[in-house]
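Work through the exercises below with the sequence and the 3D structure at hand. Try each task before reading its solution.

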Amino acid sequence: MRNIADLAATETTNSTGNKRRRRGDQDDEFGAEDADWNIYRDISKEEEADEDEEDEAELEKYNRRLALYAPDYLASLDRNSRSKIENTTMYRFTDGCEEAILEKSAMPQKPDNATIIARAAREYQLHLNVERIRVPEIIFRPGLIGLDQAGLLETIDGILRQTGNRMSLINNVFVTGGGFSGVTGILERLQRDIQSIAPTGTPITVRRAVDPLRDAWRGAALWSMNEAEAFKASCITRQDYLEHGGEYLREHGMSNRYTADSAKSNSAFKTDVSNYVLDDSSYSYCNPGYPSAQSYAPLPGAKLELVQAVVRHGDRTPVNYIPNDDSTWNCNEIEEETYLHGTGESEKNTTGSFRQVIAIPKWNQKYGFSNKIWKGSCEEGELTDHGKRQHNILGTQLRAIYVDKLGYLPKELNSTDEVYLRTTYIWRTKNSAESLLGALWPKRGIAPKDAILLHTYPKRIETMYGNTDMCPQINTIMAQLVASDGYQKFLQDQGPLMAKLSDIMDVHGSSWKEGWDGYFDVLNARQCHGFKLPCKHIDGVQNSTQCASAADVAQVTHNANYEWAYKYRDSPQAQNLTRLYIGSFVGTLRDQMQDRIAGHTGSLKLALYSAHDSTVWPLLSVLDAGDRQSLWPPYASNLIFELWKQQNGSRVVRVIFNGEVLNLRNAWCDMNACPVEKFFKHIDAFIPSDIANECSN
């Protein structure tokens with residue numbers, strides 16, 4: 001207030017028209033004259049002038065922006081004409097753009113009928129401002145109209161957080177019903193908003209119904225006709241209305257009620273893929289669970305008679321080749337030396353040792369393909385150094401249990417008769433077994449007498465995986481599974497992701513269109529090593545904007561888990577397929593147990609079978625393993641069968657998978673101590689009596 005009085009005292013005019021100057025604080029007479037109060041008016045005008053300047057600057061900014069998007073607008077107007085009110089942005093926005101209205105100066109003093117009509121039209125104009133945007137925005141932000149409830153994106157996010165099928169749902173967003181589904185830009189807005197709550201690179205598909213206004217009604221009409229009983233059971237009766245009121249909605253199979261419990265009540269692997277709600281979010285393909293001496297406990301009052309260990313090979317390079325692969329795989333930190341010697345001859349009479357290496361000299365690269373498709377010192381599908389270390393760890397853990405804790409196996413292997421070893425002809429299973437046994441008995445020598453016999457079957461008669469060469473019926477059943485409605489729906493649902501990855505990797509053919517094995521192999525092998533995921537190449541040049549993402553790997557893993565469980569455990573043909581695929585090997589395990597019970601195995605204590613995921617997984621399916629243990633077996637997975645003899649002479653089988661007693665889906669037996677008779681009865685259903693005959697028919 002003092003500042004205002006000082007300003008007024010500097011120069012004011014009294015009632016006589018004479019200017020007076022303030023003479024001091026003691027003579028402050030501000031307010032004595034009415035004119036003194038004009039200072040407020042002057043200050044207010046200055047403030048209004050400042051605001052007008054700001055408004056003009058803001059309007060000019062909008063004029064410039066409008067000129068960018070509408071080049072013809074204002075193009076013919078000079079600076080003076082732009083200042084006319086008829087040509088300002090604000091006037092056009094609030095009063096419309098009709099020529100008869102804008103060009104007021106051209107109107108005659110006595111308006112004709114056309115002018116009168118134009119003016120009348122102006123009076124009845126409804127000018128839409130931000131309402132054009134705010135109306136559809138309500139479904140995303142109900143707070144705009146005072147509703148305290150979640151918007152569309154928050155609702156979608158809430159649903160995704162409750163379901164284990166998050167990735168599949170994001171990739172299949174369907175818009176239908178009501179007027180909002182037809183709003184221009186609604187699909188793009190949903191796509192953008194959902195991307196903001198999804199991991200970077202997640203594939204998102206938003207589709208609109210062909211007829212959004214009527215499709216929902218048509219679907220309900222078809223349901224009422226095709227599922228008449230279900231429809232009647234879902235309708236609200238007059239009694240329901242009188243008892244519960246008009247807000248009551250009956251819950252039924254077609255309702256949108258969702259709870260986490262209702263999702264978990266479904267089997268993780270339904271043959272109907274729409275019910276596939278497997279939660280594999282904590283699953284790790286790269287490393288298995290190992291048996292632990294700390295958590296392992298022997299069966300009380302029982303004696304261990306036989307251990308059968310079926311293991312998957314360790315970490316390996318991909319078995320599926322993709323063009324333009326720029327990954328470097330090295331397998332030369334842990335090397336293998338081999339030599340030949342005559343049977344029964346001394347270790348000195350040998351060919352000498354050899355070491356196999358993959359090393360392509362630079363001077364030879366220009367004559368071959370190595371500068372384009374392969375880097376490093378590994379073969380396709382070869383056990384990596386990390387894979388060898390995985391089996392070193394497994395062997396160490398087995399030693400801690402069966403040697404140190406139980407005293408079942410000897411500290412030093414003096415008699416190789418106590419061990420039976422079998423691998424497939426594929427080299428990585430052999431190297432895995434060598435790594436495991438090297439840690440189980442680390443002080444073994446290389447003398448011929450100390451050699452553990454490594455049994456292999458010729459490829460044509462191999463039984464530790466599906467032998468499609470000798471059993472073409474496996475391919476026949478597989479083709480039927482792929483052609484089934486449920487599986488085709490599965491492929492259709494995940495088709496966009498498969499098409500995306502096929503384009504990025506430049507892979508084609510039926511094997512890349514009918515299953516996820518190849519994608520699973522290519523992506524997970526790289527992810528386990530922290531390698532960059534594949535990117536699309538255009539004319540031989542990598543395009544870093546089109547690459548597979550971690551979200552893609554997660555969804556591919558999810559799909560592959562479903563695919564295998566569907567084929568080998570849950571489909572109508574699963575038992576027959578599994579029987580032909582792995583039944584002969586199941587018979588081998590069973591007969592070996594029976595021979596041990598009958599006393600025909602001599603001093604045998606450990607039987608080690610080094611094989612593949614396609615060995616371990618079907619065995620888990622034979623046993624009807626639970627959902628969590630029916631996921632794709634990680635590298636170095638270990639399935640252990642223990643045969644125990646109890647004090648009363650009866651025998652039981654314990655099954656341990658990756659360090660845990662096997663959990664069964666239908667609990668047909670306790671896998672911590674399953675009576676051997678019950679165990680044999682269950683697996684007998686999967687053992688073919690004449691595999692050659694069954695495979696030919």
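**Exercise 1.** Is alanine 667 buried or exposed?

*Solution.* Step 1: take the cut-offs, where buried means under 20% relative accessible area, exposed over 50%, and partly exposed in between (1.4 Å probe, protein chains only). Step 2: alanine 667 has 59% relative accessibility, so it counts as exposed. Step 4: read the phi of alanine 667, which is near 50°, a positive value in a residue other than glycine.

The model is predicted: local features need pLDDT of at least 70, side-chain atom pairs count only at pLDDT 80 or more, and totals for chains, interfaces and linings use all residues. Residues are numbered from 1 along each chain as its sequence is written, and side-chain values use heavy atoms, with hydrogens and water left out.

**Exercise 2.** Where is aspartate 506 placed?

*Solution.* Step 1: aspartate 506 sits in the loop between helix H21 (495–505) and helix H22 (517–528). Step 2: its phi is near 60°, a positive value in a residue other than glycine. Step 3: aspartate 506 counts as partly exposed because its relative accessibility is 41%.

**Exercise 3.** Which residues is serine 435 in contact with, leaving aside its neighbours within four places in sequence?

*Solution.* Step 1: contact means heavy atoms within 4.5 Å. Step 2: with those neighbours left aside, serine 435 is in contact with Lys388, His391 and Asn392. Step 3: serine 435 lies in helix H18 (residues 427–440). Step 4: its relative accessibility is 12%, so serine 435 counts as buried. Step 5: a polar atom of the serine 435 side chain lies 2.9 Å from the backbone oxygen of asparagine 431.

**Exercise 4.** How many residues has the largest nonpolar core, and which have the most contacts inside it?

*Solution.* Step 1: a nonpolar core is a set of buried Ala, Val, Leu, Ile, Met, Phe, Trp, Tyr and Cys residues joined through side-chain atoms within 4.5 Å. Step 2: the largest has 80 residues, and Trp516 and Phe679 have the most contacts inside it. Step 3: H24 provides the largest share of this core, eight residues. Step 4: a second, separate core of 29 residues includes Leu304, Val311, Leu606 and Val652. Step 5: not counting residues up to four places away in sequence, tryptophan 516 touches residues including Phe490, Leu491 and Gln494.

Note on methods
Helices (H or I, at least four residues) and strands (E, at least two) are DSSP runs, numbered from the N terminus. A polar contact is a pair of N or O atoms within 3.5 Å; within protein, one must be able to donate a hydrogen and the other to accept it, and residues adjacent in sequence count only if both atoms are side-chain atoms.
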